Amino acid sequence: MTAVNVRAHSGVRPVDPQRDMSAIVDLIALGFENELDPQGQKMLAQMRQAAQRRALSPLGLGTDMEPTGFVWAEADRIVGNLSLRYALPSRTRGQMIGNVVVHPEYRGMGIGRAMVKAAIIAAQQQGARWIGLEVREDNPVACGLYTHMGFEAVGRQLHLIRPVGTSWPNGMEMALIWQASRPKDRLRWMQLADAVYSRRQKWVLEIRPNEYNYGGLERKLDLWFSGEHEEAWLYGETEAQLALHVKTDKRSQYHVWDILTHPQTGEAGAQAVVAQALRATRRFAPWPVIALVADQAPLAQALYNVGFKLHRSLTQMVLEL
């Protein structure tokens, strides 16, 4: 374990959900709350609710929101956190690091390095073949740490936001024949994803066929009960050239666009898919729109043209074990 310059009775240890969950949520909020998009804010609120439920239940109730991974404890105080979980799909035999945060008073002391080292050792012991993470491109300290520890950049994705209240533009109808996406079309989505992202980048983004299982009565019922609405389309004959998924969270009041454009479609394809997304979304109020898209200049420009702003650039990194 990497030595760090901290007081006695401190160190890295596995997360104990029963006693650590509330402190972890507070630490994540301190580290990330100001940079979260509406979807991230919703997830943080869900984590707070899960922490409150656990505090009220001494026996604890299993939940997907329970933290796993490692913390750094200074005596009885949690000042560092790193989440570690199995990646999906499980056949890739990978694990994912996330929510790496150190309290501002304790940064620069090697705590982040120690937690990452503990995660690597744990993944190796559990038979993982790789470990992945995402890091903000404008965080040189974190990028340098991961690179020094052997992680390799495998791709880049743009996180864009269209601010709340930005009016919907008019006059962008494109004469393309779109097909409504059905559950059986998930393999067409995957073929298009293969053309957009590298193999190892897809590991980190956890791209898998079930992610594109749009349509079907069961899914529609799940969305209705959760206060969400979605539509998904494909364009292309035998192989999809453009793909679009638009989801609206009517309770939290935001939209999410998931867009795939084959690199060969260029500027025309980017403009067409953005026009289709606007057509589907403008029936709702101008709530914020979130788009995480491949680092493709024509697509980014088409989104900028309709009011999106760059929120952050994310680099996907992998360490093969």
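The legends below describe close-up views of a predicted model.

Residues are numbered from 1 along each chain as its sequence is written. In this predicted model local features need pLDDT of at least 70 and side-chain atom pairs count only at pLDDT 80 or more, whereas totals for chains, interfaces and linings use all residues, and side-chain values use heavy atoms, with hydrogens and water left out.

**View 1. Packing of helix α1 against helix α2.** Helix α1 (residues 17–32) and helix α2 (residues 38–56) pack at an angle of about 155°, and their axes lie 9 Å apart; helices are DSSP runs of H or I with at least four residues, strands are runs of E with at least two, and both are numbered from the N terminus. Axes are lines fitted to C-alpha atoms, for helices over the stretch in contact, and angles run from 0 to 180 degrees between N-to-C directions. The pair α1 and α2 is therefore roughly antiparallel, given that angles under 35 degrees count as roughly parallel, over 145 as roughly antiparallel, 65 to 115 as roughly perpendicular and the rest as oblique. On the α1 side the contact is made by P17, Q18, M21, S22, V25, I28 and A29, and on the α2 side by L44, M47, R48, A50, A51 and R54, where contact means heavy atoms within 4.5 Å. By class, the residues of this contact of α1 with α2 divide into 9 nonpolar, 2 polar and 2 charged (Ala, Val, Leu, Ile, Met, Phe, Trp, Tyr, Cys and Pro count as nonpolar, Asp, Glu, Lys and Arg as charged, and the others, Gly among them, as polar).

**View 2. Packing of helix α8 against helix α9.** Helix α8 (residues 266–281) and helix α9 (residues 297–304) have axes 8 Å apart and pack at an angle of about 40°, and α8 and α9 are therefore oblique to each other. From α8, the residues G266, E267, A270, Q271, V273 and V274 meet P298, L299, A302 and L303 in α9. The contact of α8 with α9 comprises 7 nonpolar, 2 polar and 1 charged residues.

**View 3. Cis peptide bond at P89.** The peptide bond that runs from L88 to P89 is cis, with omega near -5°. P89 is placed in the loop between β3 (77–86) and β4 (94–102).

**View 4. Backbone at A75.** A75, a residue other than glycine, has a positive phi, with a value near 60°. The loop that holds A75 lies between β2 (69–74) and β3.
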